[in-house]
Amino acid sequence: MTGLVAALALLAVAPLLFIFGDLIHKGASSIDWNFFVKSPVPAGEAGGGVSNAIVGTIIIVALACVVGMPIGVGTGLFLAEFGNGRLGWSVRFIADVLNGTPSIVVGIFAWTWLVKPVGHFSALAGGAALAILMIPMLARTTEEMVRLVPNSLREAALALGYPRWRTSLTIVVRTAMGGIVTGALVAVARIAGETAPLLFTALGNLNFSTSIREPMQSLSLQIFTYATGPFEEWHRLAWAAALVLMALVLTLSLAARWATRQRYGS
Amino acid sequence: MERPEEAKRPDNALVRIETRRLSALFGRNIAVKETSLFFPTNTVTAIIGPSGCGKSTFLRCLNRMHELSDGGWSTGSVLLDGADIYAAGVDPVAVRRRIGMVFQRPTPFPTMSIFDNVASGLRVGDRAYRKAEIEESVERALRQAALWDEVKDRLHTSAVAISGGQQQRLCIARAVAPRPEVLLLDEPTASLDPAGTQRIEELCHELKRQYTIVIVTHNMQQAARVSDYTAFFYMGELIEIDRTTQLFTKPAKEQTEAYLTGRFG
């Protein structure tokens, strides 16, 4: 029995190992300093890098976090502390539905409201789309983490004369902080790799740009464009970009684990 | 409810807190039936009774914690220094700052140091204390809880790194730091070993010089050891209250005697 379960576990882990193996094999050779600091060169030419994509990913994800984190964590806190009534039930239900909404649908929604009226694609719209994806994720993980705080702690604070709002914001949130940070890092890792919502909002940009009102490139969009393009050079760069993106996700996940270990070690 | 040797409340005795026809309910279930009881200043009153008799619920009415429970509400009044804490317009948060409570399991705030835990009650009050005042109060509270000597060299280390018994004394220090008028102890030694239990019982004798203490306990012998008065509750009703020595040797009611002799529990 143990053998069977162990084999299944190995089977689950195998794809990740294969992916990394493949990426390193096909992409590592293309990674050099130029890769990180140069912008793409005209199609067909050799050389060039993905600096615009790396910077673009950072900017779009940052935009999403600025909006998504306060709303997501705040909603999660509300659901955990005051969400036992009808309103809480409804919010939780909507969050669950949003969590299951395909990201491409969110992208089209963002296009309808943030791109079409304005007349052009933008990083802002991309950030907004990713924020919409981030909020229900964060709300649920934050709620789970805050619920884990034992009620006895809340009671102790209330008995000391802490008003309810202060109990939630200081005692409860501080105790749950490790878990909340972990949830946030995992959410960031998820949206950093999203492609579909950005197809209709940030669109992509072959030039280096930091203007948030203009279209912007991201690593995931870059991979999409290059991998489906006709040039061998592009395919090579796509592998390398994929490796960089996976490395980013891995780093964020490790950071999330590290944050948890620091908090709950005793 | 009268005590046998006092036909009516003595005029010159100070009564810190008393209840008048206090009932506590959960939704439609009556947990505590109309109870009128007074707690003289600087005494320890123990509340004993079998599980589910309403003693913890009664205690939680004294500092308006009961209404925070699901469906919890009460009728009647609780007079703290003569003023009804359930009167219209009274802020329950302000009431809770005047009454300290210690729970069954130690609950230090895990992300705060020992010092910050004890100071937490001071930092939430209406008064803004100066740094020196806070340090003074923390030391005084830790000394009163008989914990100062053990932690004075590590005040700023984590509060959860100390033993269970020490954590409970920390909770007592935290409760007394804001100088409450009344101290409510809800089975404070239930999760401690005998040594820890003994230290806290000794504390009660010391603490009553400054505070009025009401202690709920499952342990009859503990009630006999620490209290001046003992009240016996059964099925939500106050059956009898008397001086501890009197209640344990010559209880007036048959039910009390049955409980004390272990015929039911």
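Analyst: Two residues are in contact here if their C-beta atoms, placed from the backbone, lie within 7 Å. The model is predicted.

User: Ok, B:Glu201 then. What is it in contact with, leaving aside neighbours within four places in sequence?
Analyst: B:Glu201 is in contact with B:Gln222, B:Arg225 and B:Val226.

User: And where does B:Glu201 sit?
Analyst: In helix 7 of chain B, which covers residues 194-207.

User: Why does B:Glu201 count as partly exposed?
Analyst: Because B:Glu201 has 17 C-beta neighbours inside 10 Å. A buried residue would need 20 or more, and an exposed one 12 or fewer.

User: How far is it from B:Glu201 to B:Ile239, C-alpha to C-alpha?
Analyst: 25 Å, with the two residues 38 apart along the chain.

User: Switching to the interface. How many residues of chain A are in contact with chain B?
Analyst: 15 residues of chain A, against 18 residues of chain B.

User: Which helix of chain A gives the largest share of that side?
Analyst: Helix 7 of chain A, with six residues. By type, the chain A side has eight nonpolar, four polar and three charged residues.

User: How does helix 7 of chain A pack with helix 8 of chain A?
Analyst: The angle is about 145 degrees and the axes are 10 Å apart. The crossing of helix 7 of chain A with helix 8 of chain A is right-handed.

User: Which residues make that contact?
Analyst: Helix 7 of chain A brings A:Leu153, A:Arg154, A:Ala157 and A:Leu158. From helix 8 of chain A come A:Thr167, A:Ile171, A:Val172 and A:Thr175. Five residues of this contact are nonpolar, two are polar and one is charged.

User: Now the core. Which residues have the most contacts inside the largest nonpolar core?
Analyst: A:Met134 and B:Ala173, in a core of 125 residues. Helix 6 of chain A, residues 123-147, supplies the largest share of this core with 16 residues.

User: What does A:Met134 touch, not counting residues up to four places away?
Analyst: A:Ala64, A:Gly68, A:Gly72, A:Ala187 and A:Ile191. There is also a second, separate core of 15 residues, which includes A:Tyr226 and A:Trp239.

User: Last topic, confidence. What is the mean pLDDT of chain B?
Analyst: 90, and 95% of the residues of chain B reach 70 or more. Over residues 1-12 of chain B the pLDDT is below 50. Beyond near neighbours in sequence, that stretch has 11 contacts in the model.

User: And what ipTM does the predictor give the complex?
Analyst: An ipTM of 0.90, with a pTM of 0.82.

How values were computed. Residues numbered from 1 in each chain as written. Chains lettered and ligands numbered in written order. Predicted model: local features only at pLDDT ≥ 70, side-chain atom pairs only at ≥ 80, totals over all residues. Helix = DSSP H or I, 4+ residues; strand = E, 2+ residues; numbered from the N terminus. Nonpolar A, V, L, I, M, F, W, Y, C, P; charged D, E, K, R; others polar. Core = buried A, V, L, I, M, F, W, Y, C linked by C-beta atoms within 7 Å. pLDDT = per-residue confidence, 0-100. Axes fitted to C-alpha atoms, helices over the stretch in contact; angles between N-to-C directions. Left-handed = near helix turned anticlockwise from the far one by under 90°.
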